[in-house]
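Please keep the sequence and the structure in view while reading.

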Amino acid sequence: MNPAHTTVDHVFTVPLDHSAPDGEDIQVFAREVVDPARAGERLPWLLYLQGGPGGKSPRPSHGSPGWLDQALTTHRVLLLDQRGTGRSTPVTARAAARFASPAQLAAYLGHFRADSIVADAELIRRQLCQDEPWETLGQSYGGFLTLTYLSRAPEGLRACYVTGGLPGLTATADDVYARTYPRVQDRVLDFYARYPDDAARLRRIADLLATTEVRLPDGDRLTVRRLRTLGLALGMGDGFERLHWLLDESLDTDGELTDTFLHQVRNLTGFTDNPLYAVLQETLYGQGAGPTDWAASRALEGFTAFTEEADPLLLTGEMIYPWMFREITGLRPFADAADLLAARADWPPLYDPHRLAANQVPLAAIVYHDDMYVDAGLSLRTAREVGATRVWVTNEWEHDGVSASGGRVLSRLMDLAAGRA
């Protein structure tokens with residue numbers, strides 16, 4: 001029986017700091033994937049830019065996302081583990097603990113934003129593709145990377161497809177979170193409307209945690225604020241169901257939290273596999289306009305419905321808070337460095353509005369009307385500000401529509417970029 005995919009592993013040596021190519025090096029891993037029936041053909045390349053930050057690229061299997069099978073009908077795909085993730089010199093709690101000081105760790109982490117990832121991609125493209133332009137598929141944060149790519153090296157791109165990831169070009173972290181909390185509130189209330197008993201169950205769990213010390217399997221205390229971070233899942237197509245079934249097994253007949261629930265909460269909220277998601281989350285919006293200064297935490301103070309005593313209890317979403325770095329085992333080695341990153345005011349710009357306005361690389365993007373993570377209003381403003389852009393707005397899918405739709409989303413975006421739709 002033939003395998004579903006033919007794969008080739010690639011490891012590239014890249015500078016930690018592309019402005020100092022003779023300095024420290026790191027390794028970046030990428031996996032080439034092709035349809036076995038077309039492995040010997042000369043096919044155009046499609047670079048997949050994973051969401052995150054801090055997420056590794058998907059691993060191909062018979063259960064791979066539908067977009068991959070669709071892409072392999074026409075392209076050779078490169079699944080990139082962005083620097084610091086997967087097999088690309090991973091940034092882990094253990095690695096962070098080896099740094100001599102928080103300042104050294106913060107300086108190191110400053111080289112893991114979109115500008116560095118794009119520089120890695122260009123180095124890889126020149127080595128792998130004989131310097132021919134390639135196409136990109138950017139999911140969520142991968143769309144942010146795409147706009148940085150178009151700002152810095154559009155000559156490397158033939159066409160770009162973005163799924164749920166057009167960032168506000170000049171939006172600050174404060175702008176983003178002022179828009180995010182109301183969307184999260186609406187989503188949580190929609191969840192409670194679908195599963196009314198879960199509102200009472202979460203309030204009951206929160207009351208228990210407020211009066212009783214409950215420990216997760218790794219020894220971390222489960223607090224109400226950590227419980228509320230489970231709302232992160234609600235922006236995905238299956239998020240309501242995943243949270244509902246987690247809560248379904250949360251309490252035993254004596255009213256105590258089950259081991260099953262505590263184990264799953266630890267895995268869902270521990271950042272063991274992707275600490276960069278927490279460490280870099282607010283740096284995505286740092287562009288020289290001053291420090292981000294824990295914007296999500298400051299914004300929370302202005303939304304009184306999000307108090308821990310509220311009934312119904314409102315969960316939080318894609319927000320990172322300073323307390324996480326003191327209370328979560330997998331983030332503690334980053335705590336002081338994260339404070340330094342939040343205080344940094346000299347982040348270089350990630351987007352070039354003038355260059356993007358003159359863009360001629362076909363860019364096709366889907367904007368999910370009800371996206372919990374990426375504000376549709378900011379995305380549509382960006383679409384108007386970037387040349388050669390065509391946008392498809394829909395509420396048929398949630399943030400993970402490119403995977404949940406099989407190959408339909410990618411197929412239509414390719415048609416849009418080529419002028420066939």
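## Overall fold

The structure is a predicted model. The chain holds 18 helices and eight strands. Its C-alpha atoms fill a box of roughly 65 × 45 × 45 Å along the principal axes.

The radius of gyration is 21 Å, which agrees with the value near 22 Å that a compact globule of 421 residues would have. Of the 421 residues, 56% count as buried. Among contacts with a separation of 6 or more, 78% join residues 24 or more positions apart.

## The largest pocket

Two or more lining residues come from each of the elements α9 (239-248), α10 (259-269), α11 (275-280) and α17 (401-404).

By residue class, this lining of the largest pocket divides into 24 nonpolar, 21 polar and five charged residues. The largest pocket lies between domain 1 (6-169 + 351-418) and domain 2 (173-343), because both give residues to its lining.

## The second largest pocket

The second largest pocket holds about 230 Å³ of space. Of the 14 residues that line the second largest pocket, Asp 17, His 18, Asp 115, Ser 116 and Arg 152 lie nearest its centre.

Helix α4 (residues 114-128) supplies the largest share of this lining of the second largest pocket, with four residues. The lining of the second largest pocket consists of five nonpolar, five polar and four charged residues.

Conventions. Residues are numbered from 1 along each chain as its sequence is written. This is a predicted model: local features need pLDDT of at least 70, side-chain atom pairs count only at pLDDT 80 or more; totals for chains, interfaces and linings use all residues. Side-chain values use heavy atoms; hydrogens and water are left out. Ala, Val, Leu, Ile, Met, Phe, Trp, Tyr, Cys and Pro count as nonpolar, Asp, Glu, Lys and Arg as charged, and the others, Gly among them, as polar. Domain bounds come from an automatic or database domain assignment. On a 1 Å grid over the protein atoms alone, a cavity is a set of points where a 1.4 Å probe fits but cannot get out, and a pocket is an open set with protein on both sides within 12 Å along at least five of seven lines; lining residues have an atom within 4 Å of a point. Grid points are joined across faces, edges and corners, and a volume is the space filled by probe spheres set on the points. The radius of gyration is taken over C-alpha atoms; the globule rule is 2.2 Å times the number of residues to the power 0.38. Buried means under 20% relative accessible area, exposed over 50%, partly exposed in between (1.4 Å probe, protein chains only). Contact means heavy atoms within 4.5 Å.
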